[in-house]
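I opened the model and went through it one item at a time. These are my notes.

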Amino acid sequence: MNESNELDALEGKVFWQGDEGYEDARGAAVWRANKPNRYPKVIVVAESAAEVAIAVRHAAKHGLKVGVRSGGHSWTSPHLRDGAMLIDVSRLNGIDVDTGTRHVWVGPGAKGEKVNDALKPHGLIVPTGHHSTVAVGGFLMCGGFGWNSRLWGNGCAQIAGVEVVTAQGEIIYADEHTNRDFWWAVRGSGAGYFGVVTRFRLTAHPLPAVMKSSVYVYPADVLEALLTWAREIANDVPPFVELVITSTAHDPDGNWAPVRLTLSALAITDTDEEADKALAMFERCPVVDRATKRKTFQPTNLTERYVSGTAADPVGYRYACDNLYTNAPASELIPRMRELFTSLPTPRSHVFWFNWGPVKPLGDLVLSVQGDIYLGAYSIWSDPSEDAAMDAWPVEQMRKLEDLSAGGQMNDENMLARPDKYLSDEVSDKLERLRAQHDPNGVFLSFLTAETR
Ligand SMILES: Cc1cc2nc3c(=O)[nH]c(=O)nc-3n(C[C@H](O)[C@H](O)[C@H](O)COP(=O)(O)OP(=O)(O)OC[C@H]3O[C@@H](n4cnc5c(N)ncnc54)[C@H](O)[C@@H]3O)c2cc1C
């Protein structure tokens with residue numbers, strides 16, 4: 001049997017294992033430098049929904065499982081599996097703004113920053129990842145913390161409709177009224193989706209007139225006082241403010257420096273007065289006099305924000321990550337934070353605390369787990385001989401906090417190393433029911449865990 005028959009129409013875009021170009025295509029499917037030792041049988045780099053449909057029909061006919069990548073930023077790369085077909089949709093990156101309806105059509109491979117560049121002249125914005133290289137595909141499908149998401153909702157909540165290639169290789173459109181299951185499921189199922197998204201229709205927001213930021217750098221000895229205060233003001237941080245505290249330990253050249261805690265607050269709103277009033281609360285932090293650096297009430301813009309987000313996770317390094325949400329009160333949480341924040345395994349590694357709450361109901365989304373405080377741990381390194389230790393650090397840190405966990409966030413998931421609750425039981429059951437109905441032969445791969453690896 002010549003398995004490549006149906007794929008002949010995609011000449012130059014199909015890479016079987018062993019072909020010239022295969023390893024480049026496999027490497028490109030994973031953003032970080034540590035590429036997993038998982039080898040798809042064939043990689044199809046599609047340039048249209050019709051090409052995706054050809055690839056899916058081929059896979060269905062020949063019993064190949066299908067994984068899909070958009071930007072390739074997922075930390076565990078669930079799309080990369082031994083013996084499967086990988087459909088790379090990174091070239092489906094068109095952006096088409098419909099100003100009349102405030103909708104924007106975006107290909108899954110479009111980068112968030114490019115989408116907002118296209119929306120800006122129309123006075124519109126959508127929440128995207130904070131790093132300029134993150135594509136909208138995985139970002140939206142996994143949930144997504146984006147610009148002003150505490151106010152406007154997660155990325156997946158912005159999805160008004162999708163164009164999808166089904167397990168039968170048909171191209172369909174799905175929204176609230178049409179093919180509803182495919183629309184419901186895309187809003188937070190991530191690698192658990194049973195289709196290939198070839199276009200999203202997103203609802204954009206009017207671009208707020210003002211962006212202002214305040215940044216304070218604190219020494220590690222104020223950790224307990226700073227985090228206790230940050231936990232206790234959770235209900236007072238206005239929804240248009242992102243409050244993040246990171247711990248880092250590198251100098252400008254990337255060499256070790258004493259651990260420092262950086263509190264960054266970003267207000268995205270309509271007037272200077274509102275922004276200044278909101279940012280003023282960070283001046284009332286009980287240890288504010290201990291800040292070693294301050295840059296407060298600074299006007300900023302989206303371009304600067306993407307630059308700053310991109311600098312936090314430099315390109316070309318090896319990465320591992322794990323996360324959890326917690327609702328634990330300060331009295332239980334803060335005594336457990338020192339090791340997490342100060343045991344960074346390399347200078348560039350970091351920990352991320354995000355005041356996500358007070359949580360709002362998520363409604364009828366697949367995204368169904370959240371908590372007041374989000375904690376993410378990221379190891380960043382260069383030397384492959386350190387892989388085992390670096391892969392282990394974020395997982396060990398989160399494992400130690402598991403008794404305080406309200407569940408995990410899919411965008412930073414590490415189900416492979418540490419299963420946590422990513423979906424409510426009810427949503428998980430519904431998703432699996434719909435998968436069995438719409439993909440009865442199991443064409444599409446699902447979540448990557450130790451069991452499904
Ligand atoms: C440097 C960096 C910065 C980040 N910053 C943020 C941030 O600010 N906020 C945040 O919320 N997250 C952030 N993330 C996490 C990021 O949102 C997730 O990793 C997300 O999955 C990335 O999307 P992607 O398209 O690049 O990933 P991919 O790896 O391509 O996609 C992830 C998974 O989704 C599925 N999938 C992707 N596209 C499709 C499709 N078209 N059809 C069907 N299934 C598909 C596949 O199973 C795939 O394995 C960041 C990640 C990195 C590496």
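**Entry 1: layout**

I noted at the start that this is a predicted model. I looked up the domain assignment. The chain splits into domain 1 (5-88), domain 2 (95-207) and domain 3 (210-412). I then took the C-alpha centres of domain 1 and domain 3. They are 34 Å apart.

**Entry 2: domain 1 against domain 3**

I asked how many residues of each domain are in contact. Five residues of domain 1 meet 13 residues of domain 3. The size of an interface is often quoted as the accessible area lost when the parts come together, so I looked that up next. Domain 1 and domain 3 bury about 730 Å² between them, and carbon and sulfur atoms give 64% of that area.

I sorted the touching residues of domain 1 by class. Three are nonpolar, one is polar and one is charged. I looked for salt bridges between domain 1 and domain 3 and the count was zero. Polar contacts do turn up: three residue pairs across this interface.

**Entry 3: Arg26**

I moved to helix α1 (residues 22-28), where Arg26 lies. Is Arg26 buried or exposed? Its relative accessible area is 4%, under the 20% cut-off, so Arg26 counts as buried. I looked for a polar partner. A polar atom of the Arg26 side chain sits 2.7 Å from the backbone oxygen of Pro36. Pro36 is also in the contact list of Arg26, and beyond four places in sequence that list includes Lys35, Asn37, Arg38, Tyr39, Pro40, Ile43 and Leu80 as well.

I went to the loop between β3 (66-69) and β4 (85-88), which holds Thr76. Thr76 is buried at 5% relative accessible area. With neighbours up to four places away set aside, I found Thr76 in contact with Arg32, Arg38, Glu413, Asn414, Leu416 and Leu448.

Ser77 is in the loop between β3 and β4. It is buried, at 0%. I checked its backbone too. Phi of Ser77 is near 50°, a positive value in a residue that is not glycine.

**Entry 4: Asp322**

I turned to strand β16 (residues 318-326), the place of Asp322. What is its relative accessible area? The value is 0%, so Asp322 is buried. I looked for a side-chain partner and found Arg418, joined to Asp322 by a polar contact of 2.6 Å. Beyond four places in sequence, Asp322 touches Arg418 and other residues, among them Leu375, Gly376, Ala377, Pro394, Val395, Met398 and Tyr422. Asp412 and Asn414 are also on the list for Asp322.

**Entry 5: backbone exceptions**

Most residues other than glycine have a negative phi, and most peptide bonds are trans. I looked for departures from that. Phe297, in strand β15 (residues 293-299), has a positive phi of about 55°. Phe297 is partly exposed, at 27% relative accessibility. I also checked the peptide bond from Gly357 to Pro358. It is cis, with omega near 0°. Pro358 is placed in the loop between β17 (350-355) and β18 (373-381).

Key: Residues numbered from 1 in each chain as written. Predicted model: local features only at pLDDT ≥ 70, side-chain atom pairs only at ≥ 80, totals over all residues. Heavy atoms only, no water. Domains from an automatic or database assignment. Contact = heavy atoms within 4.5 Å. Buried area = accessible area lost by both parts, 1.4 Å probe. Salt bridge = Lys/Arg side-chain N within 4 Å of Asp/Glu carboxyl O. Polar contact = N/O pair within 3.5 Å; in protein donor to acceptor, adjacent residues only side chain to side chain. Nonpolar A, V, L, I, M, F, W, Y, C, P; charged D, E, K, R; others polar. Helix = DSSP H or I, 4+ residues; strand = E, 2+ residues; numbered from the N terminus. Buried < 20%, exposed > 50% of the residue type's maximum accessible area, 1.4 Å probe, protein only.
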